[in-house]
Amino acid sequence: MGVLTITFPKVASGQKVLKAKLIGQAETPLSFANVAILQQADSSQYKGLLADVDGGVEVNLVAGNYILRATYVGYEAYFRAFELSSEKDILDLGTLSLPEV
């Protein structure tokens, strides 16, 4: 008899998950793009991270209002305001395209 194991993203109590994918020209993934999560109230940095090799971003945050800032060499900085509500555990911003310089 086999054992079935199901795993779910580990989210601490009160934590929410933000997901996005960063792409550039010709829909090329922006591997290891710099990402900062800023607090919307005063633009102070709350968290910083790198996108994965496929341009994917996944970060745990508490509910609140934030701004995602993404930067990559050869591209303009990208800003996106978003709200993580206490009712949803995951917010997927989808595919975000950075404009070339």
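**View 1. Val53 is partly exposed, at 48% relative accessible area.** Buried would be under 20% and exposed over 50%, with partly exposed in between (1.4 Å probe, protein chains only). Val53 sits in the loop between strand E3 (45-50) and E4. Together with Phe32 and Leu50, Val53 makes up a nonpolar surface patch of about 300 Å² accessible area. For a patch, residues need over 30% relative accessible area and no salt bridge, and nonpolar side chains are joined within 5 Å. That salt bridge test is a Lys or Arg side-chain nitrogen within 4 Å of an Asp or Glu carboxyl oxygen.

A word on the model: it is predicted, so local features need pLDDT of at least 70, side-chain atom pairs count only at pLDDT 80 or more, and totals for chains, interfaces and linings use all residues. Numbering starts from 1 along each chain as its sequence is written, and side-chain values use heavy atoms, leaving out hydrogens and water.

**View 2. Strands line up as E4-E1-E7 in an open, mixed sheet.** Strands here are DSSP runs of E, at least two residues, numbered from the N terminus, and two of them pair if DSSP finds at least two bridges. E4 (56-62) and E7 (90-97) are the edge strands, each pairing on one side only. The twist averages 20 degrees from one strand to the next.

**View 3. E1 (residues 15-23) and E4 run antiparallel, joined by seven bridges.** Across this pairing, Leu18 stands opposite Val59 in E4.

**View 4. Lys16 counts as buried, at 7% relative accessibility.** Lys16 belongs to strand E1. Its side chain makes a 3.4 Å polar contact with that of Asp89; such a contact is a pair of N or O atoms within 3.5 Å, one able to donate a hydrogen and the other to accept it.

How values were computed: Helices (H or I, at least four residues) and strands (E, at least two) are DSSP runs, numbered from the N terminus. Axes are lines fitted to C-alpha atoms, for helices over the stretch in contact, and angles run from 0 to 180 degrees between N-to-C directions. Patches are made of residues with over 30% relative accessible area and no salt bridge: like charges are joined within 9 Å, nonpolar side chains (Val, Leu, Ile, Met, Phe, Trp, Tyr) within 5 Å. Accessible areas come from the Shrake-Rupley method with a 1.4 Å probe; for residues, only the protein chains shown count as cover.
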